[in-house]
Amino acid sequence: MRLRYSIILPILLFAASFADSTDGIPTKQEKEHGPVWVGCTLLGVEYIIGPIVASHFWWKHAFGTNPLTNINEQERYLEDKLWHFWNGENVSDFHYWVLKDYFGKDSPWIAMGMTFITLTAIEFLDASDSRAHWGLSLWDQTSNMGGILFWYIKHKYPEIPIDVRMGIRRWDRFDELMKRSYEFPANFGKEHPEHSLHCDNYSILKIEIIVGPCNQYYVGFASSLKHDEDGWGISENLFGVTAGFDVMRWYANRHPGKLTPYINSFGKYFSLSPAY
């Protein structure tokens, strides 16, 4: 999974959700759920604006080859597969939230179907690149579907104390990641002559699977990529153990308020723990 997709929808979920407080006289329909136009806007960003932007960058050479003839695995490290799993879960959550809060449809199956279509389309469009820059990874797609299924299990049994979260492993290079994001349009397609920017980005980040047995204490497993003696990330698995106390969710539940659901959601998908 290219990291470009991995954070956009979750951020939309937390940032745009505050449109619930839109001023005005609500209709009878809007009293039962948020404004429909907000839901249409969010889905429009995902299904219209997103592909238009991507067509000028990552999918500029899309539809150049049959993706089914370009099946291969280029990212052979666990962190990438966990990113796919994480996406399958949080994008399903995003779709379910939009459908329920803005269209009044409590339908996990439709949400899961939308997520499957979105993530599968991304895989096929990547693999259709005429330069064969990316391949169609069966492991990526399997991880996507695993994340969707995990979301459904958590939806049915919310008391299951397991979360999959992304976080920062190398805080000393986090500013570099932000700089690359800011300079992305101008530097798209440019690579460092000696190092992989892609692997370096992965090494700065991490994915963790945690279990919270009681209150907000947790313990779990984390995956990232190693870095070389110069500090650059390399394509080699790095595993670690993570443990701690979730201060944000503890505070949100101890002092409930309007922001509590959003703080809990943030703590469910994102980690601000120190490096391991």
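**Exercise 1: the hairpin**

Task: Work out how many residues lie between β3 and β4 in their hairpin, and which residue in the turn has a positive phi.

Solution: Keep in mind that you're looking at a predicted model.
- Step 1. Find strand β3 (residues 217-227) and strand β4 (residues 233-245). Five residues sit between β3 and β4, and the two strands form a hairpin.
- Step 2. Look in the turn: glycine 231 has a positive phi there, of about 90°.
- Step 3. Now check how the strands run. β3 and β4 are antiparallel, and ten bridges join them.
- Step 4. Pick out a couple of pairs. Serine 224 faces leucine 238 in β4, while alanine 222 has glycine 240 in β4 as its bridge partner.

**Exercise 2: a lysine in helix α4**

Task: Decide whether lysine 81 is buried or exposed, then find which side chain makes a polar contact with the side chain of lysine 81.

Solution: 
- Step 1. Check its accessibility. Lysine 81 has a relative accessibility of 12%, so it counts as buried; the cut-off is under 20%.
- Step 2. Look for polar partners. The side chain of aspartate 140 makes a polar contact with the lysine 81 side chain, at 2.5 Å. There's also the backbone oxygen of glutamate 75, which lies 3.1 Å from a polar atom of the lysine 81 side chain.
- Step 3. Widen the view. Skipping neighbours within four places in sequence, lysine 81 touches Glu73, Glu75, Ser137, Trp139, Asp140 and Ser143.

**Exercise 3: a tyrosine in that helix**

Task: Say how many residues apart tyrosine 102 and proline 35 are in sequence, and how many Å apart in space.

Solution: 
- Step 1. Go to helix α4 again, where you'll find tyrosine 102.
- Step 2. Tyrosine 102 has 0% relative accessibility, so it's buried.
- Step 3. Along the sequence, tyrosine 102 and proline 35 are 67 residues apart, yet their C-alpha atoms are 5.7 Å apart.
- Step 4. Compare the protein as a whole: among contacts with a separation of 6 or more, 74% are between residues 24 or more positions apart.

**Exercise 4: the nonpolar core**

Task: Find how many residues the largest nonpolar core has and which element gives the most to this core.

Solution: 
- Step 1. The largest nonpolar core contains 32 residues, and Leu42, Trp83, Trp86, Met166 and Ile207 have the most contacts inside it.
- Step 2. Several elements give two or more residues to this core, including α3 (36-54), α5 (108-127) and β1 (162-168).
- Step 3. The top contributor to this core is α4, with nine residues.
- Step 4. Another core lies apart from this one and has six residues, among them Trp59 and Leu125.
- Step 5. For background, nonpolar side chains tend to be buried together in soluble globular proteins.

Notes: Residues are numbered from 1 along each chain as its sequence is written. This is a predicted model: local features need pLDDT of at least 70, side-chain atom pairs count only at pLDDT 80 or more; totals for chains, interfaces and linings use all residues. Side-chain values use heavy atoms; hydrogens and water are left out. Buried means under 20% relative accessible area, exposed over 50%, partly exposed in between (1.4 Å probe, protein chains only). A polar contact is a pair of N or O atoms within 3.5 Å; within protein, one must be able to donate a hydrogen and the other to accept it, and residues adjacent in sequence count only if both atoms are side-chain atoms. Contact means heavy atoms within 4.5 Å. Two strands pair if DSSP finds at least two bridges between them. Helices (H or I, at least four residues) and strands (E, at least two) are DSSP runs, numbered from the N terminus. A nonpolar core is a set of buried Ala, Val, Leu, Ile, Met, Phe, Trp, Tyr and Cys residues joined through side-chain atoms within 4.5 Å.
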